[in-house]
Amino acid sequence: MMAAISRLIKPAVDLFVTLVLWTYFILGYLVFFAPLFIGAFFLAADRETAYQRLLQLYCRSFFRLMQLLMPRSTIAVSPEVRRLRSSVIVGNHLSYLDPLLMISVFQQQKTIVKSDFFRVPIFGWILQLAGYIPAVAGGMQTGLMAERIEGLGDFFTAGGVLFIFPEGTRSRDGRIGKLKWGAFKIADRFKVPIDVLYIEGSQHIFTPGKFLFNTCTANTVRIEYLGRVEPVDESSSAVLSTQVETVRSLLEKRRHSAIGTSEAK
């Protein structure tokens with residue numbers, strides 16, 4: 001009887017929580033954060049950094065609301081992750097929540113965003129002022145994307161992190177897809193380290209291909225630090241290929257460890 005009642009109630013709870021969260025995500029920055037963004041536009045000495053910090057606060061507030069509405073879901077970020085500075089951060093990609101999680105963790109953060117988002121009223125303006133990088137069809141040597149990448153040297157020097165999901169899309173089954181070289185080329189160009197993270201559990205809260213949050217299941221989203229790939233003096237395709245394989249090996253090893261732990265339970 002209780003199981004039947006639970007099956008009836010869960011869709012309604014999922015829908016309610018989903019509507020609340022996406023309403024806050026869409027309108028929250030207009031209602032609660034617009035005055036802060038406007039104030040930073042006129043008053044901040046470093047407007048770009050100020051907007052990045054406001055985006056962090058905004059995403060943190062989103063996840064605080066999510067955990068309030070979904071008390072059986074928790075987020076665990078390893079201390080090593082929070083201490084990362086001046087690097088290109090790469091990791092696996094399981095859910096639309098992943099980039100929001102990255103923004104919520106780091107004060108000074110940038111990423112590469114689909115150019116379509118830059119055309120969204122207000123939101124695109126905020127991304128622009130925060131210094132985010134639009135992905136364009138012509139690649140990293142084209143237009144605003146090239147200009148933004150050119151300015152990353154000062155950003156890294158100031159302690160900022162550029163996070164990229166090199167698979168390019170969300171994994172539907174948890175497997176690590178083919179890693180694109182863009183993040184590795186940027187790290188090589190500016191001679192900054194590549195820090196490797198592993199995200200676990202975000203797909204159980206917001207599953208690819210589904211509109212509703214999964215609200216009634218106990219789940220922990222983890223962001224773990226796997227290791228660092230240091231920059232090297234020489235630049236070549238062979239060096240980049242080795243770095244890509246090193247990152248893939250770290251991600252695959254952690255994924256298999258997670259599978260083994262799950263099967264043991």
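Start by selecting S87, which is found in strand 2 (residues 87-91); helices (H or I, at least four residues) and strands (E, at least two) are DSSP runs, numbered from the N terminus. This is a predicted model, where local features need pLDDT of at least 70 and side-chain atom pairs count only at pLDDT 80 or more, while totals for chains, interfaces and linings use all residues. Residues are numbered from 1 along each chain as its sequence is written, and side-chain values use heavy atoms, with hydrogens and water left out.

**Around S87**

S87 has a relative accessible area of 0%, so it is buried (under 20% relative accessible area; exposed is over 50% and partly exposed in between, with a 1.4 Å probe and protein chains only). Now show its contacts, meaning heavy atoms within 4.5 Å. Leaving aside neighbours within four places in sequence, S87 touches F156, G160, V161, L162, V192, P193, D195 and R228.

Step back to S86, in the loop between helix 3 (79-82) and strand 2. S86 is not a glycine, yet its phi is positive, near 50 degrees. With a relative accessible area of 25%, S86 is partly exposed.

**Helix 8 and its end**

Next, select helix 8 (residues 182-190), where A183, F184, I186, A187 and D188 are buried. Just after this helix comes K191, with a positive phi of about 55 degrees. K191 belongs to the loop between helix 8 and strand 6 and, at 33% relative accessibility, counts as partly exposed.

**Aromatic rings**

Colour the rings of Phe, Tyr and Trp (its six-membered ring): they pair if their centres lie within 6.5 Å, and planes under 30 degrees apart count as stacked, over 60 as edge-to-face and the rest as tilted. The whole structure holds 19 aromatic pairs. Zoom in on W22 and F213, a tilted pair at 5.5 Å centre to centre with 45 degrees between the planes. W22 sits in helix 1 (residues 2-43) and F213 in the loop between helix 9 (202-205) and strand 7 (219-229), so this pair links distant parts of the chain, 191 residues apart. Both W22 and F213 are buried.

Then try F25 and F62, which are edge-to-face at 5.6 Å centre to centre and 70 degrees between the planes. Because F25 lies in helix 1 and F62 in helix 2 (residues 47-69), the pair ties together parts that are 37 residues apart in sequence. Select W22, Y24, F25, F32, F33, Y58, F62, F63, F206 and F213 together to see a cluster linked by ring pairs.

Two charges are also worth a stop; a charge sits over a ring if NZ of Lys or CZ of Arg is within 6 Å of the ring centre and within 35 degrees of the ring normal. K110 lies over the face of F155, 4.7 Å from the ring centre, and R170 over the face of Y96, at 3.8 Å.

**The nonpolar core**

A nonpolar core is a set of buried Ala, Val, Leu, Ile, Met, Phe, Trp, Tyr and Cys residues joined through side-chain atoms within 4.5 Å. In the largest core, of 48 residues, L21, F62, M102, F106, Y132, F213 and I223 touch the most other members. Helix 2 gives the most to this core, with 10 residues. Finish at I223, whose contacts beyond four places in sequence are A76, V77, S78, V81, L101, M102, V105, L197, Y198 and I199. A second, separate core of 26 residues includes I133, F155, I186 and L240.
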